[in-house]
Amino acid sequence: MSKRANPYLPQPGTIIDVVEETPAIKTFRVVLDDPEAMLDFRFLPGQVAQLSVFGAGEATFVINSPPTRMEYLQFTVLRTGEVTARLHALGVGDHVGVRGPLGNHFPVAQLRGRDLLFVGGGIGMAPLRTLLLYVLDNRADFGHLALLYGARTPQDFCFGEELATWGARRDIDVVRTVDAPAEGWDGRVGLVPHVLEELRPTAEGCTAVTCGPPVMIRFTVQALEKLGFGPERIVTTLERRMKCGVGLCGRCNIGSVLVCRDGPVFTKAELDLLPNDY
Ligand SMILES: Cc1cc2nc3c(=O)[nH]c(=O)nc-3n(C[C@H](O)[C@H](O)[C@H](O)COP(=O)(O)OP(=O)(O)OC[C@H]3O[C@@H](n4cnc5c(N)ncnc54)[C@H](O)[C@@H]3O)c2cc1C
Ligand code: FES
């Protein structure tokens with residue numbers, strides 16, 4: 001039986017690198033200890049995994065390295081509570097458990113041939129990073145690319161080096177914005193939905209993919225609709241507290257939908273059918 005067949009079984013893994021993104025966010029690169037399990041780990045952008053820390057428990061994180069780059073699995077972790085604090089205390093050579101891949105993924109097949117607009121806020125850049133790298137690794141299959149990424153302050157952006165690399169490319173437009181003016185910052189100032197409306201991206205032929213704090217998603221979706229993006233052309237990925245991750249415990253529901261089983265990726269058209277509490 002394939003090792004992937006058991007969704008309850010964490011695979012032992014080892015941290016091979018840690019990057020300090022911001023004072024509260026660290027990126028962990030993890031390799032599964034069994035090389036066969038690593039080869040067998042197949043996923044698509046947007047899927048998540050449960051990372052476990054021995055003696056602390058497990059928590060859900062998006063796999064933010066793309067399936068086109070399988071040297072390691074990357075997770076970017078905001079410290080909020082028990083498990084994430086224990087993860088932050090780990091370093092290179094420490095062991096974790098990896099249970100996944102779980103959940104659905106971005107509709108990559110339907111995105112082929114389209115222009116893509118990525119709109120991210122804070123740690124919400126993590127799932128967008130996976131999709132963006134996947135798209136860049138298959139660049140000829142996609143149209144125009146644009147990224148709008150907002151953070152509270154200039155110190156709160158994740159993936160700083162990559163942002164600089166993407167910003168220097170001719171085949172993607174990158175705009176960064178911070179919430180309020182800051183010393184030494186010469187980029188945009190303003191909340192993501194406002195800056196999005198100022199930028200006035202063309203909706204025709206384009207799909208928008210957005211992730212960030214719930215309030216950002218709500219206003220960004222409204223802004224996208226005003227700009228002419230139809231509900232099928234707005235894709236987002238949601239967070240709900242998860243436990244089992246495989247549709248059994250009912251912990252992650254929005255109405256009749258389970259985020260771990262039916263999500264975390266939804267179109268606005270799908271969200272329109274749910275109670276309005278995402
Ligand atoms: C599909 C999905 C993808 C995710 N991807 C990432 C990711 O890539 N990087 C990342 O840093 N985090 C991600 N999260 C959130 C992450 O799972 C939680 O922050 C983590 O479970 C917190 O665990 P903890 O034990 O440290 O905190 P706890 O002690 O459980 O809680 C600490 C605080 O965080 C709040 N909290 C905990 N979990 C969530 C949640 N899921 N949503 C909102 N608030 C929560 C609690 O209410 C509490 O206020 C994701 C969650 C989901 C469901
Ligand atoms: S986390 Fe158990 S049903 Fe979704």
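Student: How many salt bridges are there between domain 1 and domain 2?

Tutor: The count is 1 salt bridge between domain 1 and domain 2. A salt bridge here is a side-chain nitrogen of Lys or Arg within 4 Å of a carboxyl oxygen of Asp or Glu. Some ground rules: this is a predicted model, where local features need pLDDT of at least 70, side-chain atom pairs count only at pLDDT 80 or more, and totals for chains, interfaces and linings use all residues. Residues are numbered from 1 along each chain as its sequence is written, chains are lettered from A and ligands numbered from 1 in the order in which they are written, and side-chain values use heavy atoms, with hydrogens and water left out.

Student: How much area do domain 1 and domain 2 bury between them?

Tutor: About 1,400 Å², with 65% of it on carbon and sulfur atoms. Buried area is the accessible area (1.4 Å probe) that two parts lose on being put together, summed over both. Glu21, Pro45 and Arg69 supply 29% of what domain 1 buries against domain 2, more than any other three residues.

Student: What does Arg69 form a salt bridge with?

Tutor: Asp137. The closest N and O atoms of that pair are 2.8 Å apart.

Student: And how many residue pairs are in polar contact between domain 1 and domain 2?

Tutor: There are 5 residue pairs, both partners at pLDDT 80 or more. A polar contact is a pair of N or O atoms within 3.5 Å; within protein, one must be able to donate a hydrogen and the other to accept it, and residues adjacent in sequence count only if both atoms are side-chain atoms. Helices (H or I, at least four residues) and strands (E, at least two) are DSSP runs, numbered from the N terminus.

Student: Switching to α5. Which residues of α5 are buried?

Tutor: In α5 (residues 160–168), Glu162, Leu163 and Trp166 are buried. They cover an arc of only 105 degrees around the axis, so they sit on the same side of α5. The arc is that of the directions from the helix axis to the C-beta atoms. On the other side, Glu161 and Ala168 are exposed. Buried means under 20% relative accessible area, exposed over 50%, and partly exposed in between (1.4 Å probe, protein chains only).

Student: What do the buried residues of α5 pack against?

Tutor: α4, β8 (145–151) and β9 (173–178). Arg129 is found in α4 (residues 125–137). Arg129 is buried, with a relative accessible area of 5%. Leaving aside neighbours within four places in sequence, the contacts of Arg129 include Phe159, Glu162 and Trp166.

Student: Is Arg200 buried or exposed?

Tutor: Exposed, at 60% relative accessibility. Phi of Arg200 is near 45 degrees, again a positive value in a residue other than glycine. Arg200 is in the loop between α6 (192–199) and β11 (206–211).

Student: Which residues does a cis peptide bond join?

Tutor: One joins Gly100 and Pro101, with omega about 0 degrees. Pro101 is in strand β6 (residues 95–102). Another joins Gly263 and Pro264, with omega about 10 degrees.

Student: Last one, Thr220. What does its side chain reach?

Tutor: The side chain of Thr220 reaches the backbone oxygen of Met216 at 2.7 Å. Thr220 lies in α7 (residues 214–226). Thr220 is buried, with a relative accessible area of 0%.

Conventions
Contact = heavy atoms within 4.5 Å.
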